[in-house]
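This report walks through a few features of one structure for a reader who has not seen it before. The sequence and the model come first.

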Amino acid sequence: MEIGEDNSLLIVDDDEPFLRRLAKAMEKRGFEVETASSVAAGKAIATARPPAYAVCDLRLEDGNGLDVVEVLREKRPDCRVVVLTGYGAIATAVAAVKIGATDYLSKPADAKDITNALLAGENELPPPPENPMSADRVRWEHIQRVYELCDRNVSETARRLNMHRRTLQRILAKRSPR
C-alpha cells in the first residue's frame with residue numbers, strides 16, 4: 001500500500017501515552033505526523049494545515065472528535081479519516097461514516113490496523129484486525145459506556161440496560177475481560 005506524495009497525518013487523542021506511541025509508530029511507517037490532544041487543537045491544525053490523513057478519537061475531554069472530522073471534510077474533502085473509540089457502538093460508527101470518516105476502529109487498535117484502514121482503496125475493505133475484541137469485552141465496554149453516561153449511577157444504568165442492579169454491581173466489580 002502506498003502512502004502517496006502527501007504523507008501528512010493528524011492524530012487527535014487525549015490519551016497522551018497512546019498518542020505518543022501511535023505517532024512514533026506512524027512516523028516509522030513513513031507518515032509526517034502532527035498531534036493534538038483536544039478538539040480545539042485538532043480543529044486549529046485541520047484549519048491551518050489540513051492533512052492528507054487523520055486519526056481521531058471519538059470521545060475527547062473537551063468534546064466530540066467528530067467535530068474535527070467535520071472541519072477536515074470542509075477544508076480537505078479528500079482527507080482519509082479513521083475514527084477510534086474505546087466504546088464501539090453501531091450508532092456512533094454510522095454517525096462517523098455519515099460525517100465523512102473513511103473507517104471506524106475500536107480501541108485497542110494497533111498501528112498496523114490503523115495504517116491498513118488509512119491506505120485501503122476507495123472500494124476495498126481493509127483486512128480484518130488480527131486481534132479483535134472478544135464478545136465479552138464488547139459487552140463490558142458497552143456497560144461501561146452506559147454507566148459513564150448515567151454519571152456512574154448503578155440504579156439508573158441497570159434500568160437502562162434492563163438488568164437487575166445486583167447483577168450490574170457484580171459485573172462492575174470484576175476486571176475487564178481481555
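A patch of charge is built from residues with over 30% relative accessible area and no salt bridge, with like charges joined within 9 Å. The model shown here is a predicted one.

**A positive patch**

On the surface, R20, R21, K24, K28 and R29 gather in a patch of positive charge. One of them, R21, is placed in helix α1, which covers residues 16-28. R21 counts as exposed because its relative accessibility is 56%, and the cut-off for exposed is over 50%.

Strand β3 spans residues 53-57 and is mostly covered, with five of its five residues buried. Y53, V55 and D57 point one way from the strand, while A54 and C56 point the other way, and all are buried.

Which strands pair with β3? Strand β1, residues 8-12, pairs with β3 in the parallel sense over four bridges. Strand β6, residues 80-85, runs parallel to β3 and is joined to β3 by five bridges.

**Salt bridges**

Side chains of opposite charge can pair when their charged atoms come close. A salt bridge here requires a side-chain nitrogen of Lys or Arg within 4 Å of a carboxyl oxygen of Asp or Glu. By this rule the model has six salt bridges. The table lists some of them.

| D6 | R76 | 2.7 Å |

The salt bridge between D6 and R76 links distant parts of the chain: D6 lies in the segment before β1 and R76 in the loop between α3 (66-75) and β6, 70 residues apart. D6 is partly exposed, with a relative accessible area of 33%. R76, in contrast, counts as buried at 18% relative accessibility, since buried means under 20%.

E156 and R160 both lie in helix α7, residues 154-161, and are four residues apart, about one turn of the helix. R160 counts as exposed at 51% relative accessibility, whereas E156 is partly exposed with a relative accessible area of 22%. Elsewhere, salt bridges that share partners join D6, R76 and D78 into one network.

Technical notes:
Residues are numbered from 1 along each chain as its sequence is written. This is a predicted model: local features need pLDDT of at least 70, side-chain atom pairs count only at pLDDT 80 or more; totals for chains, interfaces and linings use all residues. Side-chain values use heavy atoms; hydrogens and water are left out. Patches are made of residues with over 30% relative accessible area and no salt bridge: like charges are joined within 9 Å, nonpolar side chains (Val, Leu, Ile, Met, Phe, Trp, Tyr) within 5 Å. Accessible areas come from the Shrake-Rupley method with a 1.4 Å probe; for residues, only the protein chains shown count as cover. Lys and Arg count as positive and Asp and Glu as negative; His and the chain ends are not counted. The place of a charge is taken as NZ of Lys, CZ of Arg, CG of Asp or CD of Glu. Helices (H or I, at least four residues) and strands (E, at least two) are DSSP runs, numbered from the N terminus. Buried means under 20% relative accessible area, exposed over 50%, partly exposed in between (1.4 Å probe, protein chains only). Two strands pair if DSSP finds at least two bridges between them.
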